[in-house]
Amino acid sequence: MTKHKLPRIILKNVHKSFGSKKVLQGLDLEILPGESLVIIGGSGTGKSVMLKCILGLIQADKGSIQIDQKEIINASRSDLDKIRHKISMLFQGSALFDSLPVWENISFSLLQEKKMHRIQARSYAIEKLASVGLPEEVADLYPAELSGGMQRRVALARAIAPKPEILFFDEPTTGLDPIMGGIINDLIRASVDDLGATAITITHDMASAKKIADRIAMIYEGKIVWQGDVTSIEKTDNPYVQQFIHGRTQGPIKVDVK
Amino acid sequence: MYFTISSSFIGLKNMLLSNDKNANFEIFEILRMTSFFANVGRIFLNFLQGTGHLIIFINQTITMGIRPPYYSRQILKQIINIGYFSLPVVGLTAMFTGMVLALQSYTGFARFSAEGAVATVVVLSITRELAPVLAGLMVAGRIGAAIAAELGTMRVTEQIDALSTLSTDPLQYLVMPRVIAGIFTLPLLVLVADIIGVFGGYLVSIYKLGFNPGNYLHQTLQYLKAIDVISGLIKASVFGFCISIMGCYHGYYSKGGAQGVGSATTNAVVSSSILILIFNYLLTAVFFDK
């Protein structure tokens with residue numbers, strides 16, 4: 001159905017090393033507009049580094065990363081800013097600003113960038129809090145006063161508040177109980193559908209992947225080793241995917257336990 | 001070069017294999033000397049690398065900081081944090097410094113009947129040296145550490161990355177307001193410290209040493225020149241820059257979790273304190289060198 005569309009995000013032969021450690025080793029990936037792609041893979045396979053390279057927070061060593069046909073690698077600061085205006089991200093540890101109350105966290109970009117009036121920004125934040133199932137009273141609390149699940153919901157509200165065209169989710173359910181994880185997954189899926197956004201989610205959690213994804217890609221040793229439709233993941237005979245989704249200790253994925 | 005090194009190692013190996021005590025002593029001496037020079041070299045290279053990195057950071061901060069947007073709310077918050085909340089500690093330091101200075105100079109000058117110079121010594125010492133340096137060191141301990149810890153925690157919990165994704169430059173939003181607050185609030189703190197310090201000296205001189213209040217005040221103002229106060233305020237401004245930039249630099253680049261934040265805090269306080277002492281000498285030389 002979406003095959004005729006131009007990819008919104010393109011990664012071609014992306015390499016990134018930290019000293020002698022090669023993290024990304026020729027990663028190729030395309031994400032179509034409005035698509036929700038989930039990237040699965042073990043710890044240390046380069047998932048988070050890939051997201052940070054797309055955001056320009058880490059400079060890739062080689063290759064090409066394009067968003068809407070604009071190159072990210074070696075882009076000027078102003079070009080990078082223009083691209084980042086389209087993107088929001090939910091961080092693994094929520095990354096809420098400790099020094100600001102919840103409502104200022106949610107309306108941060110509206111207050112700083114769009115210079116929205118504080119009263120209006122507070123009402124907007126309360127509206128966004130309601131959309132992630134949190135009451136108005138939470139608005140004036142500080143992040144340290146919230147539970148992990150509430151923090152993740154606030155972080156989700158902050159990510160969707162500027163109505164981004166592209167959303168990144170970095171292990172959104174890590175550290176949450178299965179019920180709260182399920183709630184976050186549903187909220188992510190609903191937010192992506194409401195905004196019509198292009199989304200990349202990275203996770204270890206297969207339940208989360210199946211709930212959020214239109215398409216799933218698997219990363220191993222800094223390369224995509226499999227990608228396919230969400231329904232095809234159970235049927236594939238790809239040994240990497242099989243080992244990962246069934247949690248087998250034997251297989252092509254070598255886990256360094258030294 | 002390679003052959004020289006490898007032949008040296010072969011020589012060392014042969015010496016190690018021999019049971020000659022003199023040869024073993026020589027080996028230890030060679031190893032001790034080479035490791036000493038290697039360590040000196042490593043420390044020097046690290047110093048050069050760190051200095052270069054810091055200069056790039058300062059340059060980026062200034063380049064980004066002069067561009068809009070300007071975060072006035074953040075600047076005000078930092079002015080209150082650095083200036084207002086440091087008043088008690090700086091005031092107490094100045095008060096006791098002025099008091100002890102009066103006491104010490106009186107007992108010293110009494111040996112050659114120069115007690116009359118106490119007021120002048122107190123006011124010149126406080127305004128030129130003690131108020132800016134001691135206020136700078138106290139603020140380095142209080143604020144330099146707090147800035148490094150706050151930014152360091154923000155770095156390791158990805159809050160600085162989150163700022164970038166929210167289209168906000170961390171240098172403009174986090175670093176520049178702290179640097180501006182440091183540059184402008186330290187002189188105000190030092191001005192207050194000048195007044196409190198001189199007042200401390202006055203209290204001891206009048207109530208403990210028995211000076212006449214009118215004479216003491218007259219002597220305080222008689223030899224005081226504008227440059228004495230202004231030089232102290234300029235020093236304070238430079239110290240404010242050193243404290244805030246070192247706190248921001250070490251916090252901004254901290255890594256490795258809680259331990260990394262701890263190291264960043266220590267490094268911020270130590271480096272800003274050393275810079276305060278170095279710049280104090282340099283500025284004194286500029287203002288008062290004949």
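**View 1. The annotated domain of chain A.** An unreviewed UniProt entry annotates residues 9-246 of chain A as "domain: ABC transporter". UniProt positions follow the numbering used here, feature names are shortened, and annotations may be inferred rather than shown by experiment. The model is predicted: local features need pLDDT of at least 70, side-chain atom pairs count only at pLDDT 80 or more, and totals for chains, interfaces and linings use all residues. Residues are numbered from 1 along each chain as its sequence is written, while chains are lettered from A and ligands numbered from 1 in the order in which they are written. The span 9-246 of chain A is 37% helix and 26% strand. Its end C-alpha atoms lie 30 Å apart. Helices (H or I, at least four residues) and strands (E, at least two) are DSSP runs, numbered from the N terminus.

**View 2. Helices α6 and α7 of chain A.** Helix α6(A) covers residues 148-160 and helix α7(A) residues 178-195. Their axes come within 11 Å and cross at roughly 5 degrees. The two helices are therefore roughly parallel (angle under 35 degrees). Axes are lines fitted to C-alpha atoms, for helices over the stretch in contact, with angles from 0 to 180 degrees between N-to-C directions. From α6(A), A:Gly149, A:Arg152, A:Arg153, A:Leu156 and A:Ile160 take part. They meet α7(A) residues including A:Met180, A:Ile184 and A:Leu195. Contact means C-beta atoms, placed from the backbone, within 7 Å. The contact residues of this pair are seven nonpolar, two polar and two charged. Ala, Val, Leu, Ile, Met, Phe, Trp, Tyr, Cys and Pro count as nonpolar, Asp, Glu, Lys and Arg as charged, and the others, Gly among them, as polar.

**View 3. The fold of chain B.** Chain B has 10 helices and zero strands. Its C-alpha trace spans about 85 × 60 × 35 Å along the principal axes.

**View 4. Helices α7 and α8 of chain B.** Helix α7(B), residues 170-207, and helix α8(B), residues 213-222, have axes within 10 Å of each other. The axes cross at roughly 145 degrees. On the α7(B) side, the contact is made by B:Val198, B:Tyr202, B:Ser205 and B:Ile206. On the α8(B) side are B:Pro213, B:Tyr216 and B:Thr220. Five contact residues are nonpolar, two are polar and none is charged.

**View 5. Where chain B touches chain A.** Chain A gives 16 residues to the contact and chain B gives 10 residues. On the chain B side, two are nonpolar, six polar and two charged.

Terms used: Two residues are in contact if their C-beta atoms, placed from the backbone, lie within 7 Å. Angles under 35 degrees count as roughly parallel, over 145 as roughly antiparallel, 65 to 115 as roughly perpendicular and the rest as oblique.
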